[in-house]
Amino acid sequence: MTAPDTMPTQAPLNTARQLFPGFAVSVVVAATAQFISEHYGAPAMLMALLLGIALSFLTDDGTRTAPGIAFTGRTVLRFGVALLGVRISADLLGELGADMIFMVVGAVVATILFSLAIGRLTGIGWRFALLTGGSVAICGASAAMAINAVLPQRDTGERDLIFTVLGVTVLSTIAMVIYPMITTWLELDARAGGVFLGGTIHDVAQVVGAGFSISNDTGEAATLVKLIRVAMLAPVVLAASLLIRTIGAADSVSGKRPPLLPSFVIGFLVLAVLNSLGVIPDIIADTAADLSRWALLVAIAAVGMKTSLAKTMAVGGSAIALIVAETVFIGVLVLAGLHFLD
């Protein structure tokens, strides 16, 4: 008589056993990437991605790790994006000023529109253009993974995601070295220099590194501007979902309409609102922010294991030119905005 009572608990346990090997491997790769980053200065996201690609054989059909890796690259990723909301609050807006906020938001929107226009002209396609443009405009790898999660399913989806994450991470690292020199050459003060760095460099970690390499004031301003760009993640994902519904792309690919706002973006917004209201204690917010960073690192390791470098580079020279052009575009636009507001 006890067998029926134990059956409901067996299913979750069996699922956990099935997913654990792949999840554990992803955690080990992420921890290795973090170790390399802390001891040798390499970007953790880039290391996790490259290490993951080197272990792509772990996702071959029939391997014990394949289900857990797929789970980690999807569910853990969305969990990490949702937790990014604890870094956003209404106080951020008041500290920067209305003129700078409009300029930063305008640069985000203009970069995405620029990418879509170039994608249309070159025939690259709106999906890839939105993916790269959103990642460059908002917050690098995190935005790429969030936007890719709401795009219609396609055969090249994982390849495009890997290329975008790899591209924005490499370009962010280059910018972290070059942009502080441009800031000094242009004789930008701490606030303007922070706006330039935070408004143009793709990943948060590289923004922090570039800003604080100049001064504490520049670093704080750069981090503030970067977090405002991160706050644009939810409206951009919402706009992407509306676009997909409007053109009917989801119906033709997956057979069903996607939710207007995915659950992980709702979680992002809820946490941002709670943090703005002061409901979340600082210690919990800090812990959640660290957990978010680790979740994204583990997820990108899993995403790397789901593809190959050869397939990633098959995107072609036009795709590389597009992501470089987007990077240059937002950099020039922010500098022009600073000159206009000066």
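Predicted model: local features only at pLDDT ≥ 70, side-chain atom pairs only at ≥ 80, totals over all residues.

Entry 1, a helix pair. Residues are numbered from 1 along each chain as its sequence is written, and side-chain values use heavy atoms, with hydrogens and water left out.

H9 covers residues 190-200 and H17 covers residues 317-341; helices are DSSP runs (H or I, at least four residues), numbered from the N terminus. I noted an angle of about 155° between H9 and H17, with their axes 9 Å apart. Axes are lines fitted to C-alpha atoms over the stretch in contact, and angles run from 0 to 180 degrees between N-to-C directions. H9 and H17 are therefore roughly antiparallel (over 145 degrees).

For contacts (heavy atoms within 4.5 Å), I listed Ala192, Val195, Phe196, Gly199 and Thr200 on H9, facing Ile330, Gly331, Val334, Leu335 and Leu338 on H17. The residues of this contact are seven nonpolar, three polar and no charged. Here Ala, Val, Leu, Ile, Met, Phe, Trp, Tyr, Cys and Pro count as nonpolar, Asp, Glu, Lys and Arg as charged, and the others, Gly among them, as polar.

I found H10 (residues 204-212) packed with H11 (residues 216-231) at about 160°, axes 7 Å apart. That makes H10 roughly antiparallel to H11. H10 also passes H11 in a right-handed crossing. Their contact has six nonpolar, five polar and two charged residues.

I checked Glu187, which lies between H8 (157-185) and H9. Glu187 has a positive phi of about 55° although it is not a glycine. Is Glu187 buried or exposed? At 71% relative accessibility, Glu187 counts as exposed (over 50%; buried is under 20%, partly exposed in between, with a 1.4 Å probe and protein chains only).

I looked up the largest nonpolar core and found 60 residues, with Ile138, Met145, Val165, Leu233 and Ile300 having the most contacts inside it. Such a core is a set of buried Ala, Val, Leu, Ile, Met, Phe, Trp, Tyr and Cys residues joined through side-chain atoms within 4.5 Å. Helix H15 (residues 282-305) gives the most to this core, nine residues. Apart from this core lies another of 30 residues, including Leu96 and Leu338.

Definitions and conventions: Helix = DSSP H or I, 4+ residues; strand = E, 2+ residues; numbered from the N terminus. Parallel < 35°, antiparallel > 145°, perpendicular 65-115°, else oblique. Left-handed = near helix turned anticlockwise from the far one by under 90°.
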